[in-house]
Amino acid sequence: MKYVIIVGCSRAGRALAQELSSKENVVVIDKSLKNLDLLKEDFNGKKIWADALDVVTLEKAGIKEADALFLLTGNDNLNLVVGKVAKRKYKTEKVVLQVNDAMKKKIFGEEGLTIINKTYLLGEVLKKCIL
Amino acid sequence: MYIVIAGAGRLGLILAERLKEDKHQVCLIDKNRELCDSLASKLDNIMIICGDATYPGVLREAKIEKVDVSVAATSADEDNIIISYLAKDFFGIKRTVSRVNDPKHIPLYKYMKVDNPVDSISIIARVVEEEASFSDVMNLLSIKKGRLSIVRVDIPEDSPVANKSLKDIELPSNSVLISVLRGPEIVIPSGSTTILPGDEIIAATLIDSETDLTRSLIGKV
């Protein structure tokens, strides 16, 4: 069983948390209680209602033991800062973050960070459809 | 000097106006269009750029490569960290200053190697704490992020140094008396200066010696 931390419980984060929690050890962090409450009853993980920019929150979520960290808030800058800190300070093995700006992806990309750009992904999928 | 300030909130604005008064060249960046429009009509001689300063293109528009100091003063700590990171690591700016909105976020500033995080909340909290406490010691000025302090000490009646001359007083190392305020009089102390109860002493001390200094002047901590 993998230990996974998900920051951001909006659509993507929530869907991922819901699905992963049946097989893996999942912790979800969001600063909005409303978002956390939207997780369905069969969500089998831990919810933390707090600010992910506070290292106390990250440590409470078990960042030191986590196998993977997913940063899926809608805030590119938050995702980047927390992702970089996880990699540098906590040596988290897999750090995956959503960054919607292609330019930032290029500048802030570093070894060990998997940066996902939704728009780019969608474009690639759409292109495949016509090939 | 040329200074770029990201974030035209209250702090950014006051800073811009003050720097302008000191004849510096100032550029303000904010992402709020309405705010920028109203500032542009009010402020002369301050360049205003409407845009998100966490984007390198916007910083480039502000001629960031020519800047002497960059200031990240937005109300979002993640943005301030990114702005300072871009200024320092991407554009090679030597002096970057960043506002910290929430002291809990300080570790992130540290791990992201932001050079000068200014934690206004903690600074204000300390000032209020000092004002509120009835201590005889007051911190007037902190230099080098608080490592060196200029303090004011009110000499009480029962002070161990009262009515002694300076040459007979043993001060902790790393502390020095700068002046003695006695009513309207300002005395620059020498060895023969006598300390009287009611004197206000201005002293410079390294932060580690502050308690020792307090003990030797007041007798208690």
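Let's start with a pairing in chain B: strand E7 and strand E8 (residues 148-154) run antiparallel and are joined over six bridges. Two strands count as paired here if DSSP finds at least two bridges between them. Helices (H or I, at least four residues) and strands (E, at least two) are DSSP runs, numbered from the N terminus. Before I go on, please keep in mind that this is a predicted model: local features need pLDDT of at least 70, side-chain atom pairs count only at pLDDT 80 or more, and totals for chains, interfaces and linings use all residues. Residues are numbered from 1 along each chain as its sequence is written, while chains are lettered from A and ligands numbered from 1 in the order in which they are written.

Back to the pair. Ile143(B) sits opposite Leu148(B) in E8(B), and Leu141(B) faces Ile150(B) in E8(B). The hairpin of E7(B) and E8(B) has four residues between the strands, and Lys144(B) takes a positive phi near 55° there.

Now zoom out to the sheet. It is an open one of five strands, in the order E7-E8-E11-E9-E10 (chain B), with antiparallel pairing. By contact I mean that the C-beta atoms of two residues, placed from the backbone, lie within 7 Å.

Next, the other sheet I'd like to show you. This open sheet has six strands in the order E3-E2-E1-E4-E5-E6 (chain B), and the pairing is parallel. Its edge strands, strand E3 (46-50) and strand E6 (116-119) of chain B, each pair on one side only. The twist averages 20° from one strand to the next. Inside the sheet, strand E1 (residues 2-6) and strand E2 (residues 25-30) of chain B pair in the parallel sense over five bridges, with Leu28(B) in E2(B) as the bridge partner of Ile5(B). Helix H2 (residues 33-42) of chain B packs on the sheet against E2 and E3 of chain B, its direction making about 160° with that of E3(B). Helix H4 (residues 77-90) of chain B also packs on the sheet, touching E1, strand E4 (69-72) and strand E5 (95-100) of chain B, at about 175° to the direction of E5(B).

How far apart are the centres of domain 1 and domain 2 of chain B? Taken over C-alpha atoms, 39 Å separate them. The assignment, which is automatic or from a database, gives domain 1 (2-118) and domain 2 (134-218).

Let's move to where the chains meet. In chain A, 15 residues are in contact with 15 residues of chain B. Which element gives the most to the side of chain A that touches chain B? That is H4(A), with eight residues. The residues on that side divide into nine nonpolar, two polar and four charged. Ala, Val, Leu, Ile, Met, Phe, Trp, Tyr, Cys and Pro count as nonpolar, Asp, Glu, Lys and Arg as charged, and the others, Gly among them, as polar.

A closer look at helix H4 (residues 76-89) of chain A: 12 of its 14 residues are buried, among them Leu80(A), Val81(A) and Val82(A). A residue is buried if 20 or more other C-beta atoms lie within 10 Å of its own, exposed if 12 or fewer, and partly exposed in between, with C-beta atoms placed from the backbone.

I'll finish with two asparagines. Asn45(B), in the loop between H2 and E3 of chain B, has a positive phi near 65°. Asn45(B) counts as exposed because it has 7 C-beta neighbours inside 10 Å. Asn174(B), in the loop between E8 and E9 of chain B, has a positive phi of about 65° although it is not a glycine. With 15 C-beta neighbours inside 10 Å, Asn174(B) counts as partly exposed.

Conventions:
Axes fitted to C-alpha atoms, helices over the stretch in contact; angles between N-to-C directions.
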